Amino acid sequence: MKSSLKLALGLTSAITASTAVSNVAHAEDLTLCWAAWDPANALVELSKDFTKETGIGMKFEFVPWTNYADRFLNELNSHGKLCDLIIGDSQWIGGAAENGHYVKLNDFFDKEKISMDDFVPATVVGYSEWPKNTPNYWALPAMGDVVGWTYRKDWFSKPELQKEFKEKYGWDLGPPTTFDQLKQIAEFFQKRQIDGKTVYGASIYTERGSEGITMGAMDVLYSYGFQYENPKKPYEMEGFVNSDKSVKGLEFYKALYDCCTPPGASNSYMGEGVDAFKSGQVAMHMNFAFTWPGLQKDENVGGDKIGYFVNPKGPDGDQFAQLGGQGISVVSYSDKQESALKYIKWFANKDVQAKWWSLGGYSCLNAVVKDPKFPASQPYAQTFLDSMAIVKDFWAEPSYAPLLQASQKRFHDYVVAGQGSAKDALDGLVKDWTQVFQDDGKM
Amino acid sequence: MLNRTAENVARATPEPLARKVRGISDKGLAWLFISPTILLLLAINIFPLFWAIYLSFTNYRANRPNEVVKNLGFANYQRILGDKDIWIAMQTTAHFVFWTILLQTLIGFTLAWLIDRKFRGHAFWTTLILVPMMLSPAVVGNFWRFLYEPQIGLFAYAISFVTGIPPTNIQMLSNVSLAPWSIIIVDTWMWTPYVMLICLAGLRSIPEYIYEAAEVDRASNWRQFWSITLPMALPFIMLAVLFRGIENFKMFDMVNLLTGGGPGSTTEVASITLKRQAFESWRTGYSSAFAIILFVAVFGLANIYVKALNKVKQR
């Protein structure tokens, strides 16, 4: 009896001790929060090296894009401790900095000799700085991204289609360099029979719920001359947001939606775009560059069948593209900030960044993207580089959410529902945005 | 048996506790039993309601915890009542509530009346009709989205088969005119069985002897329906209308899953607008004011309706 009691006590002690030890190990684990998408899987793979080097375990909290902002902004607003590190969207930076959600990284960068000059300038401004264009850093550029286009190279190279296209439009069928050309190509392919299947011109962003139609419309509007504000007088939007050029840009986006998208594509964003392209429905596909590695590998549409091109030029030759991507930040409510900073230091390393790119992530480090071998490293690498050189981003103000909701509504009402005119939509947008900035006391 | 159990419990109760319990009046004991529920209600219902009323007079934003909260008086209410988009959302809601209730009541009552005939296999048909109601709205929303798909959806092909219109032209969720109806169809499909069940209960509660007396008086079937069936089932029908009206006034899940309020804002019902203001634009004070307005509207309408229902019952 005594011996069995001893055995029981011994077992209990052993179990208790092992649980305690494992709890100690888990206490050091870091949780990284991000969107659930292909690059996140690459980051999981990459982070195994960090655990090997430091012994710090990594846990991940990935949320689908449609709930990403809701979920993590709620987490930050409620001062939650779920995330030690967060890869937050570029537009969150203003709010996250002003509301104290992110740890300011300037001192850490100075101490660890991490220089922002080593990163692609647009990504530093877009993902790290608040206020913009000031040396106040809240994130390390983590995932470069930009809206660009893919096209069906195999369809474009069909001799009979090339001949017919040339006869109809007078120029050679190929990746468009202007939006007018893009629309002509889209019209040409719309409802065409290819390999016994009806195909459509282009997949573009039309999603209403989160940010889709704004990202898509802005991607066109920038090159048409749209400006968020008077460059000489901040927050003055009249005549800039709703300029004649902007109106023409929005009219173009609606015309493209009306003429050349697949039936029912009224709520389409990244996932729907990828589906449309992968299923061979569309000749061209607007999407963020993060989708390209996956499409390149696709058995049906990847390899030699896919090509990439930079966002085309507007009527005056201006050429811009909508910035995507994110920086990685340390959450100020985390109890493990020291370990989280170790992760940032490790992530900024050149070798890690090179591996990040090879795994499917988009590095923002100059040493990686300016390497002479980089353009040839992937079929889409040059397009990515060219696109990153012409980026513009949406407001990154603390009030980015109501600003975004206003543009989502105004653009969707006009482009998809056909209510009112482009001028009405943009005038309404000026009114809505003015109200937001007045509420913020900025006007 | 029950008495013996009670005696056993009483005997098992420790003397000091028993003395205390004996000292409590019946009313006190009743309060003791319901107090956990009351406390829970206060914590999760009443307190948030009063807190929301307070917030509705401020500029508070949940995503700016560090910002100074200012008292705005009735500014939020004025802004909401003067906002054209809010009124459009209210009209959309009213349109949705009206048509869903009308269709569900007509079809639900007709089905109940048919089931009440007790034909052969009526139990099987009753079960089959109830299936949509048993499904989760998330599942219903998702599979109807696929059914409505213009390229692969069964719905578009069925309509195409009947009308000859190409299925790709039948864009239920993308077309401004069709999108509101696409939601009405799904809601009617899902909730008509519920209305049918309530109406069936009403029809089954009508005593058989009244019909027998009407037969003796040689009343026609039509006359029996208008003079007996409908008036006696009316309180049940009105109850079903009340339940569905309240539910549909705050409808969110189906609209969110099917159209997300689009295309444009054509299916943006009040609850979608409220969610956008509260959890996407983070205008907590403003959205609290909107929630209070909606609450007062539903509460007021429901009260008027319940009074009418009581009058009908007393007749």
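1. Let's start with one pair of residues in chain A: A202(A) stands opposite M284(A), which belongs to β8(A). Keep in mind that this is a predicted model.

2. Now for the strands around that pair. Strand β7 of chain A covers residues 197-203, strand β8 of chain A covers residues 282-288, and the two pair in the parallel sense over three bridges.

3. Zooming out, β7 and β8 belong to an open sheet of five strands in chain A, ordered β6-β7-β8-β5-β9, and its pairing is mixed. At the edges of chain A's sheet you'll find β6 (192-194) and β9 (306-309); each has a single partner strand, so one side of each is left without a neighbour in the sheet. On average, neighbouring strands here are turned by 40 degrees against each other, ignoring direction.

4. Next, a helix pair in chain A. Helix α2 (residues 38-54) and helix α15 (residues 350-359) have axes that come within 9 Å and cross at roughly 140 degrees. Angles over 145 would count as roughly antiparallel, so α2(A) and α15(A) are oblique to each other. The crossing of α2(A) past α15(A) is right-handed.

5. Which residues meet where α2(A) and α15(A) come together? From α2(A) there are A42(A), E45(A) and L46(A), and they meet V352(A), K355(A), W356(A) and L359(A) of α15(A). Five residues of this contact are nonpolar, two are charged and none is polar.

6. In an unreviewed entry, UniProt lists residues 90-305 of chain B as "domain: ABC transmembrane type-1". In the model, that span of chain B is 76% helix and 0% strand, and its end C-alpha atoms lie 19 Å apart.

Note on methods
Residues are numbered from 1 along each chain as its sequence is written. Chains are lettered from A and ligands numbered from 1 in the order in which they are written. This is a predicted model: local features need pLDDT of at least 70, side-chain atom pairs count only at pLDDT 80 or more; totals for chains, interfaces and linings use all residues. Two strands pair if DSSP finds at least two bridges between them. Helices (H or I, at least four residues) and strands (E, at least two) are DSSP runs, numbered from the N terminus. Axes are lines fitted to C-alpha atoms, for helices over the stretch in contact, and angles run from 0 to 180 degrees between N-to-C directions. UniProt positions are given in the numbering used here, feature names are shortened, and annotations may be inferred rather than shown by experiment. Angles under 35 degrees count as roughly parallel, over 145 as roughly antiparallel, 65 to 115 as roughly perpendicular and the rest as oblique. A crossing is left-handed if the near helix is turned anticlockwise from the far one by less than a right angle, and right-handed if clockwise. Two residues are in contact if their C-beta atoms, placed from the backbone, lie within 7 Å. Ala, Val, Leu, Ile, Met, Phe, Trp, Tyr, Cys and Pro count as nonpolar, Asp, Glu, Lys and Arg as charged, and the others, Gly among them, as polar.
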